[in-house]
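The entries follow the sequence and model shown here.

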Amino acid sequence: MADIIMAETMDVSEETYKFTIDLIDINSISFNIMNTNTGVKYYLNIKKEDEWFNKNSHKIQNDFSQLYHILNDCVDNNESEFKYDLLEEKDNINFKISMKNKIKFFKLDLEFNLERYISENGLTDDRLNSLEYRFNKL
């Protein structure tokens with residue numbers, strides 16, 4: 001008689017979202033979020049001359065390069081002073097950055113709206129890329 005082997009659950013602590021933040025030049029940041037379960041990508045290009053930056057520049061001391069560092073620190077560093085909240089809807093993601101701890105003299109609240117991005121090859125290709133990404137993680 002064959003032995004019975006009990007299956008064990010695998011703890012695959014994969015993140016649902018993959019973040020890509022690129023400093024294109026000193027006045028432009030590319031911010032991408034991919035939902036690794038669905039393959040849907042969201043994209044935002046932030047420029048120094050955009051209305052968004054004009055409204056929020058005082059929150060980051062009018063220093064555009066600080067925005068790049070804040071975004072990276074928030075998504076890549078678990079010990080960061082910043083946290084983010086993410087709300088995915090059908091055609092966009094609302095991404096909010098705030099402080100983990102309340103500080104009396106410094107308050108940071110930034111909100112980004114990333115639009116859904118479908119590549120030139122279509123949604124099917126995007127989903128295949130997501131499956132390939134997940135497969136490589138295993």
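**Entry 1: a pair in helix α1**

I began with lysine 55 and glutamate 51, which lie four residues apart in helix α1 (residues 51–56) and are therefore separated by about one helical turn. Helices here are DSSP runs of H or I with at least four residues, strands are runs of E with at least two, and both are numbered from the N terminus. Lysine 55 forms a salt bridge with glutamate 51, and their closest N and O atoms are 3.1 Å apart; the term asks for a side-chain nitrogen of Lys or Arg within 4 Å of a carboxyl oxygen of Asp or Glu. Side chains of opposite charge can pair when their charged atoms come close. My search of the whole structure gave one salt bridge. Both lysine 55 and glutamate 51 are exposed, where exposed means over 50% relative accessible area, buried under 20%, and partly exposed in between, with a 1.4 Å probe and protein chains only.

I note for all entries that this is a predicted model, in which local features need pLDDT of at least 70 and side-chain atom pairs count only at pLDDT 80 or more, while totals for chains, interfaces and linings use all residues. Residues are numbered from 1 along each chain as its sequence is written, and side-chain values use heavy atoms, with hydrogens and water left out.

**Entry 2: the chain and its sheet**

I counted three helices and six strands in the protein chain, which run β-β-β-α-α-β-β-β-α from the N terminus on. Of its 138 residues, 30% count as buried.

The six strands form an open sheet in the order β1-β2-β3-β6-β5-β4, with antiparallel pairing; two strands pair if DSSP finds at least two bridges between them. At the edges I found β1 (17–25) and β4 (82–88), each of which pairs on one side only. Neighbouring strands of this sheet are turned by 25° against each other on average, direction ignored. Helix α2 (residues 64–76) packs on the sheet and touches β1, β2 (28–35), β3, β4, β5 and β6 (109–117), its direction making about 160° with that of β1. Contact means heavy atoms within 4.5 Å, and axes are lines fitted to C-alpha atoms, for helices over the stretch in contact, with angles from 0 to 180 degrees between N-to-C directions.

I also followed β4 to strand β5 (residues 92–99), to which seven antiparallel bridges join it; lysine 83 has serine 98 in β5 as its bridge partner.

**Entry 3: strand β3 and its neighbours**

β2 and β3 run antiparallel and are joined by seven bridges, with leucine 44 in β3 as the partner of phenylalanine 31. Their hairpin has five residues between the strands, and glycine 39 takes a positive phi near 85° there. β3 and β6 pair in the antiparallel sense over three bridges.

Which residues of β3 lie on its covered face, and which on its uncovered one? I listed Tyr42, Leu44 and Ile46 as covered, and Lys41, Tyr43, Asn45 and Lys47 as uncovered. In a regular strand the side chains alternate between the two faces of the sheet.

**Entry 4: tyrosine 43**

Tyrosine 43, in strand β3 (residues 41–47), stands opposite glutamate 115 in β6. Tyrosine 43 is partly exposed, at a relative accessible area of 33%. With Ile24 and Tyr117, Tyr43 forms a nonpolar surface patch of about 290 Å² accessible area together. Patches are made of residues with over 30% relative accessible area and no salt bridge, like charges being joined within 9 Å and nonpolar side chains (Val, Leu, Ile, Met, Phe, Trp, Tyr) within 5 Å; accessible areas come from the Shrake-Rupley method with a 1.4 Å probe, and for residues only the protein chains shown count as cover.
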